[in-house]
Amino acid sequence: MDTLTDSAWGPDVQPRDARAALHTQVSRLRALLGPLGEKLVTSPPGYRLDIAPKDVDAHTFERKVLEGRDLAGWNPQGALELFDQAMALWRGRAYAEFADAFAQPEAARLEQLRIAAAEDRIEALLAVGKAVTAIADAESLISSQPLRERPYGLLMRALALSGREGEALAVYQRLRERLVDELGTEPSGSAQAVHLQILRHEPDRVARQETGHRNGSAPALTPVPAAVSSFIGRAPELEALTAAMSAPSRLASLVGPGGVGKTRLAIEWAQQYQPGQPVAWVELASLRDPSAVPNAFLDALGVPDPPGESPLDALVTALRSRHVLLVVDNCEHVIEEAARTVHAVTRSCPHVQVLATSRERLALEGEHVITVPPLPVAGTAEGPSNATAAQLFIDRMSAAGQPVDAQDPDAQQLVEAICRRLDGLPLALELTAAHTATLGLAYVAETTDLLDLAIGRRSGRPSHRSLRATLSWSYDLLTPAEQRLLRRLSVFPGWFPVLWAASVCADTALPSDDIPKLLASLVDKSLVIRRSHPAVGERGHALLETVKHFAEESLDSADEAQHFRAAHARFVVEWTEQTASTIGTRTDQELAELIAAISDLRAARTWTHSNDTDLALRLSAALHRYAELRADNELKGWAEAASRLPGTSGHPLRPVVLASAASGVASRGGLEHAVELTEQALNTMDPGYPRAAYPLSVYATVSVLSGEPQKSAKALRKAWQAAREAHDRFTEAEAAGHLAALLSYLGNRAGSERWLARSRTAARPPCGPSTQALVEMVTGESKISFDPDEALIHLNRCYELASSIGANLLTGTALTGLVTVRGRISNSQASIAAYLQALTHWQTMGDEIHMWITLRNLIPVLTRHHQDEAALALHAAVAASPAALRIRGPESETLAEALSESKARIPDRASAVQLRWEGATIGTAEELAIKTIHAILAAGADRHGDQSGTVD
């Protein structure tokens, strides 16, 4: 503030309250500046105009002059354009109104730079052959600067090149007389040299002469390598790189795994996005001695190694006043020395930009890191054209002489499958495409080891001649501890949290406390990728498939595969037991966590079924509730396979595993076998078996489906009691609720209400959404026959809750109940269309028994729409299915009334239709139902307009 007040009013005539007066002036200045006024900020002990150098014309002028000087030796036309741009910024004296006051030093400095730039511009005019223009500009400069020698030399050269040698000699005489008369000196050696060359008639030397600061042409820079193939995709990365290199830091790094295309991206950006800018390509891949990194920079700049001076100091000296972009390729194996060299350059050379490519960042202040990911394998919502991996693969196949038919969907699917297995890595895609052109898409897509196909390049650096060589190059650069962790991480089939890695991969040689730090290092070196799982929103990590394949080979070579695959399986089983045991008792986040871990569950299942029967049974037993809620027949199939493993007899978890197996068999329609399995489960339970509730509950389900409701009711009462004794609130609520629904089907409304109350009591807080959804479902089912409107309310609640947590069984059951009730109370288009949603759900789940139940409930609806043949046909198919449900009560009465009505309307065809459709497969029955629903909707749309819809 003191400086500003002195500058504004002088030290002797300051106002009474100078600071307040200055504050007022600053406020007025902000208003005059308009939008720029926001940049005038208070910065104790004064003020600062906080704007970037590029927004100040004085800085822009200096930058363009320096850039022009760099170009002058090899691109004089480009230099002339820059000098013209620089000179166009002048509109009079620098800081005109203050040039003789506080701004005098800066104004004088800028004026000297302007004069020197004007001389450089005349030099460029001569270099491009515009001697006439140079004559006029040199005369003008001499008029304003009569004692500067360089304009005289430029004028002499311009006149000589125009064939006016006599006039050129007269200019020299004019210079000599002025210097002698006013200064008492003779012209300098450079002016005398031009004079002598003109006297000797040496026009070539006159044309090449530089009388100012330049002493010959700039050294030749190592050019950017020429592209030899098409460039596909990478628009986001090019945009990010352009933005980064426009920032004040002047340093950006392209970081990514080997073969991802960092070098090709740098070439494209340097050639297409930086036209006219001097670029030097610094190749580090061939270096073996890190200390030679500065020498590689000097080689790229065309500067010889200096005698008696360190290469790094010589590099900084060579670049200090130059404007150049350095592209430093392949830093990873000499990362420390590369970072030290780049830091020295960016710190001391303000006009140099650096773009580095590496598998890990340089970790320097101001570094902009652009992560280069693999190419997208599949199209996005914006269109299939975003599948740039497939585009690249097809392009390279065409280049190899085998075009791919873009209209052939089978070929496109095979290409996408290959690209997915290769992680979208451009190097792998290019190498494999050449072999695919010979072997064919189908063969390559089925090949177990694509690393063996990603080979064959004879040119380029050795680490890029095969994908395995690229991965080996990266692996060899790791420390022993990093190598150890990377190969052990291959036991994870997909996404994994940090704590999992620390638990599975640790041993005495690799302490668990070291693993988070080592994992972070592997991420930095682009061998492990960060990934959040959408099901749980938790951050974790993963290996690219190609890296994983290489790591698995390394794990086998280190003779560690069996030990760490066992450790992974053991950890997954223990984690599953802990996680699945609390399903239904809290927030049901456990469901999402298990969904996220499905790949690990599959890997654990494969290992345990081949190596450890105890762990196999523990895994299936732990998953039984999750498998039920998710309607996951795959997991139930694991239980069926585990129950047949040798050594399971007498295992304490065998009854639970048999019950889970029975549930899966029943859902696939095998009721007789399901009954056998549940009876085995019950027969192997000792009295007081602590986990009896679940086998009893499954037995109750298969009993009611088999037409024995009394056995079912008895088993449910036992299951409810066993669950209460085991403090298993979920199964307690489930058994009581299913018994309530069963009693309702049988017409016992009072008994149903009593058991509903017990189900609600068991499901009181803190039970989670799955338990709440279960109670809403059984309440709705219990009220279907007696209070349809109330049933709809509860079934809708169940549908919303179950859908939100991925409880597919409850979602589908609620959906079937909803369409059944709506189909009975309404003939609307929406009510009939909703059956399509229910049928699709069960088809997706692969649950035949619930599909049959949904088809059975559709029959009365078809009757009301006068689709009598379809109604009778479906009944014939359902009657011979596992879902015949030979129960007496409101349900069976409703079905019987519908059948009687349909038969009465087509008495002559009813028997033939039923005979023809008796025993039809579920697929045929479903196809008939869907076709009939569409016919009803089409007829309704013709009459009333389209009113179809789905369940809310």
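**A parallel sheet and a helix pair**

In this predicted model, five strands form an open sheet with parallel pairing, ordered β4-β5-β6-β3-β7. Strands (E, at least two residues) and helices (H or I, at least four) are DSSP runs numbered from the N terminus; two strands pair if DSSP finds at least two bridges between them. β4 (279-283) and β7 (368-371) are the edge strands; each has a single partner, so one side of each lacks a neighbour in the sheet. Neighbouring strands are turned by 20 degrees against each other on average, direction ignored. β4 runs parallel to β5 (residues 324-329), joined by five bridges. Val282 stands opposite Val328 in β5.

Helix α11 (residues 235-245) packs on the sheet. α11 touches β3 (251-255), β5, β6 (352-358) and β7, contact meaning heavy atoms within 4.5 Å. Its direction makes about 155 degrees with that of β3. Angles run from 0 to 180 degrees between N-to-C directions, and axes are lines fitted to C-alpha atoms, for helices over the stretch in contact.

Helices α27 (residues 598-611) and α30 (residues 633-643) pack at about 15 degrees, with axes 12 Å apart. α27 is therefore roughly parallel to α30 (angles under 35 degrees). The contact involves Ile598, Leu601, Arg602, Arg605 and His609 of α27. From α30 come Glu634, Leu635, Trp638, Ala641 and Ala642.

Residues are numbered from 1 along each chain as its sequence is written, and side-chain values use heavy atoms, without hydrogens and water. Local features need pLDDT of at least 70 and side-chain atom pairs count only at pLDDT 80 or more, while totals for chains, interfaces and linings use all residues.

Definitions and conventions:
Parallel < 35°, antiparallel > 145°, perpendicular 65-115°, else oblique.
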